Amino acid sequence: MPPKPPISAENIARQLDICAQIAEENAAAHRAPLAFVDTYGCQQNEADSERIRGYLRAMGYAFTDAEKDADVIVINTCAVRAHAEDRVLGNVGALVHTKAKKPSQIICLCGCMMGEDVVVEKVRASYRHVDIVFDTHALWRFPELLQRVLHRRGRVFDTPGGDGAIAEGIPLVRQNALKSWVSVMYGCNNFCSYCIVPYVRGRERSRAPEDILDEVKALLANGCKEVNLLGQNVNSYGKDLQNGWNFPRLLREICALPGDFLVRFMTSHPKDASEELFDAMAASPKIAHHLHLPFQCGNDRVLKAMNRGYTAAQYLEKVAALRARIPDIVLTSDVIVGFPGETTEEFEDTLKLIEAVRFDALFTFIYSPRPGTPAATWPDVLSPEEKQANFQRLVDAQNQISKEIHEGYVGKTFRCLVDGKGQDKRNNLTARTNSGRLVHLTGDEALIGTYQDLTITAATTWALFGEVAKAGEAG
């Protein structure tokens, strides 16, 4: 099925006209109205929230971190796990109190949860203080949805579903000038049996390469030091464009741009992680020596039930091919414990795989059924207690590996981007190595935004500690 044509420039211009109308109305008030945007879930949601903030700023809103002070609240939701949904609904329920004290407050729910019909109906029936509901495909229409509520009150629901279309030209408010999210594509075609994403974000749609390159050029001109390319499966980029572009080519073109910057990307699906990708990563010093490559499970029967499209042996072959090209590559991954039907014996294969690969870090989860996915109806063979025990074994094993790897950094010096303020007064700054490892250090805040050679002095399971290297120590 061919992708939908992009949202027309005329349609985006109409939304910007509405922004100007609302801004004019807000300018007549005695103070700038305030907006609060709360984001749950993945980096793609963060990127979407930047566009929501961009619209809000164009409408004359300033921003606040306090729900009670906000005139407009936007909660951008995640549907990947039940825990995230429960948190969202609990926090939305609590907003009934802020709205009772401020009846004019407008509460908006958007994002992936709003792509689930059952959730939308629950909000419609049980969360009547919510004024606007829209899914990811309707985000580009946010100004007109808000205007409808501002002018006529009542409730607005806009959840078209489907595959959506690319919308260019939406203004952005980025949270971090040094590090920027750049979505290269949306949606997913993989339909892993446990995953709700293809149902709520639709099929894969790639942005035009010229639009991505123009966005990256503008970021670099404004001082961006790290460009983070996003997609549910970046390795599928370009398959729907039919113009010869793929993700390795996009990486090469971005790295050819002038400037001192680093490119990161996620997420890569193992079945589509090609040697061409590995070659592109190895060829450019501008591409971070880090790959997030979710394997999910080490047992072949379970991988097939998950509809992952590879075996454990094939995954290990890809890791070997990558490490042959980039020996110092940092590998991270996602793992699901307790998938329906998984036995403890099959879980042992996951432990064997992490010992074989020795990941730098893992994101680990106990399986969470998502209604509407095939796996949600499948029976379990393990009790919750058995799943928790296996989960703890996995965490303990990975923590030991991470600690050992981090201890190997001590005494070495790495070029790092000093990227922000730390939360610990003893280490007032944070930095990241090329491969994305967090480094705590002490120094002048003037270092923020600069690359520094840092000598690692200590390590824990989760972070490194360092100091600015003395002359001649870089290596």
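Start at Arg 207, which counts as buried at 5% relative accessibility (buried means under 20% relative accessible area, exposed over 50%, partly exposed in between, with a 1.4 Å probe and protein chains only). Its partner in a salt bridge is Glu 215, with the closest N and O atoms 2.8 Å apart; such a bridge needs a side-chain nitrogen of Lys or Arg within 4 Å of a carboxyl oxygen of Asp or Glu. Glu 215 is buried too, at 16%.

A word on the basis: this is a predicted model, where local features need pLDDT of at least 70 and side-chain atom pairs pLDDT 80 or more, while totals for chains, interfaces and linings use all residues. Residues are numbered from 1 along each chain as its sequence is written, and side-chain values use heavy atoms, leaving out hydrogens and water.

Next, look at Asp 272 and Lys 239, whose side chains form a salt bridge of 3.6 Å, N to O. Asp 272 is buried at 16% relative accessibility, whereas Lys 239 is exposed at 54%.

Leu 229 and Phe 265 touch the most other members of the largest nonpolar core, which has 77 residues; a core is a set of buried Ala, Val, Leu, Ile, Met, Phe, Trp, Tyr and Cys residues joined through side-chain atoms within 4.5 Å. Helix H13 (residues 384-407) gives the most to this core, with 6 residues (helices are DSSP runs of H or I, at least four residues, and strands of E, at least two, numbered from the N terminus).
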